[in-house]
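These notes are meant for someone opening this structure for the first time. They go through a few local features, point by point.

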Amino acid sequence: MSEASETPQDKRNHYHSLRMARKKAQIDASIARAQNEKGVMIVMTGNGKGKSTSAFGMVARALGHGLKVGVCQFIKSRTDTGEEAFFSAQPNCEWHVLGDGFTWDTQDRQQDMDTSQKGWQVALTMLTDADYDLVVLDELTYLLSYDYLDQDTVLDALIARPPQQHLVVTGRSATAQLRDIADTVSDIRDEKHAYTAGIKAQKGVDY
């Protein structure tokens, strides 16, 4: 086809092919460079909805590969969530609800600290056991930002976990130190939320 007979659509198709070829070359090169295998630490933070939801998606993914998963929920105390009902019934998933409820419910700092310490001991058994391929510490960030747990002690344990163990930490206001030791950090921004419009939490969507 001569240049004169090329249509605008032909030109768009041609330039698209060139761009995609360059993009494929870049992606292939990146994949070739990324050859290390290790347990990764992922922090899901920010004030937007979806941090725990994302973590539980990774739980489903790991279970789909036959991996062993441990989940610790540090703040929430309810045991009627869809995710707990589903995942706790899976043979390769160990699920612990370890909180007393939100801090504005308890209104008792010492109780929150005591509960956090007990919950942390459960998490520590997972973080020191190589049989767990993936550990999710849901809302751990609050225990650090509120000083319910000693941050250095917690970070040391996260770093010292088995080399191939994957770890997901969720919660708002992740500290700079926690972000620093993570391999991946996602900061989820709250643009709009149904709750602020007076819509209550919905079964199957929010819990």
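**Notes on the model**

1. D183 and K38 form a salt bridge, with 3.1 Å between the closest N and O atoms. D183 sits in the loop between α8 (176-181) and β6 (184-187), while K38 sits in the loop between α1 (8-33) and β1 (41-45). The pair thus links distant parts of the chain, 145 residues apart. Please keep in mind throughout that this is a predicted model.

2. How exposed are the two partners? D183 has a relative accessibility of 43% and counts as partly exposed. K38, at 41%, also counts as partly exposed.

3. The surroundings of D183 can be read from its contacts. Leaving aside residues up to four places away in sequence, D183 touches K38, G39, V40 and M41. The salt-bridge partner K38 is therefore one of the residues that D183 touches. D183 can also be placed relative to L167: the two are 16 residues apart in sequence, and their C-alpha atoms are 9.9 Å apart in space.

4. A second salt bridge joins D206 and K49, where the closest N and O atoms are 2.9 Å apart. D206 lies in the segment after β6 and K49 in the loop between β1 and α2 (51-64), so this pair ties together parts that are 157 residues apart in sequence. D206 is partly exposed, at 32% relative accessibility. K49 is partly exposed as well, with a relative accessible area of 42%.

5. E191 and R189 also meet through their side chains in a salt bridge, at 3.5 Å from N to O. E191 has a relative accessible area of 67% and is exposed. R189 counts as exposed too, at 63% relative accessibility. Both values are over the 50% limit. How many salt bridges does a search of the whole structure find? The total is five, and the pairs described above are among them.

6. The next point is a helix pair. Two packed helices are described by the angle between their axes and the distance between the axes. For helix α5 (residues 109-127) and helix α7 (residues 151-159), the axes come within 10 Å and cross at roughly 25°. An angle under 35 degrees counts as roughly parallel, and therefore α5 and α7 are roughly parallel to each other. Their crossing is left-handed.

7. Which residues make the contact between α5 and α7? On the α5 side they are W120, L124 and L127, and on the α7 side V154, A157 and L158. Sorted by class, this contact has six nonpolar residues, with no polar and no charged ones.

8. T115 also belongs to helix α5. With a relative accessible area of 16%, T115 is buried, since the limit is 20%. Apart from residues up to four places away in sequence, T115 touches L98, G99 and D100.

9. F87 is placed in helix α3 (residues 82-87). Is F87 buried or exposed? At 7% relative accessibility, F87 counts as buried. Its contacts, not counting residues up to four places away in sequence, are F56, V59, A60, L63, C93 and W95. F56 is 31 residues from F87 along the chain, and their C-alpha atoms are separated by 8.9 Å.

10. The last point concerns backbone angles. Most residues other than glycine have a negative phi, and most peptide bonds are trans. E139 has a positive phi, near 70°, although E139 is not glycine. E139 is found in the loop between β4 (134-138) and α6 (140-145), and at 7% relative accessibility E139 counts as buried. S173, another residue other than glycine, has a positive phi near 55°. S173 lies in the loop between β5 (166-170) and α8.

Technical notes. Residues numbered from 1 in each chain as written. Predicted model: local features only at pLDDT ≥ 70, side-chain atom pairs only at ≥ 80, totals over all residues. Heavy atoms only, no water. Axes fitted to C-alpha atoms, helices over the stretch in contact; angles between N-to-C directions. Helix = DSSP H or I, 4+ residues; strand = E, 2+ residues; numbered from the N terminus. Parallel < 35°, antiparallel > 145°, perpendicular 65-115°, else oblique. Left-handed = near helix turned anticlockwise from the far one by under 90°. Contact = heavy atoms within 4.5 Å. Nonpolar A, V, L, I, M, F, W, Y, C, P; charged D, E, K, R; others polar. Salt bridge = Lys/Arg side-chain N within 4 Å of Asp/Glu carboxyl O. Buried < 20%, exposed > 50% of the residue type's maximum accessible area, 1.4 Å probe, protein only.
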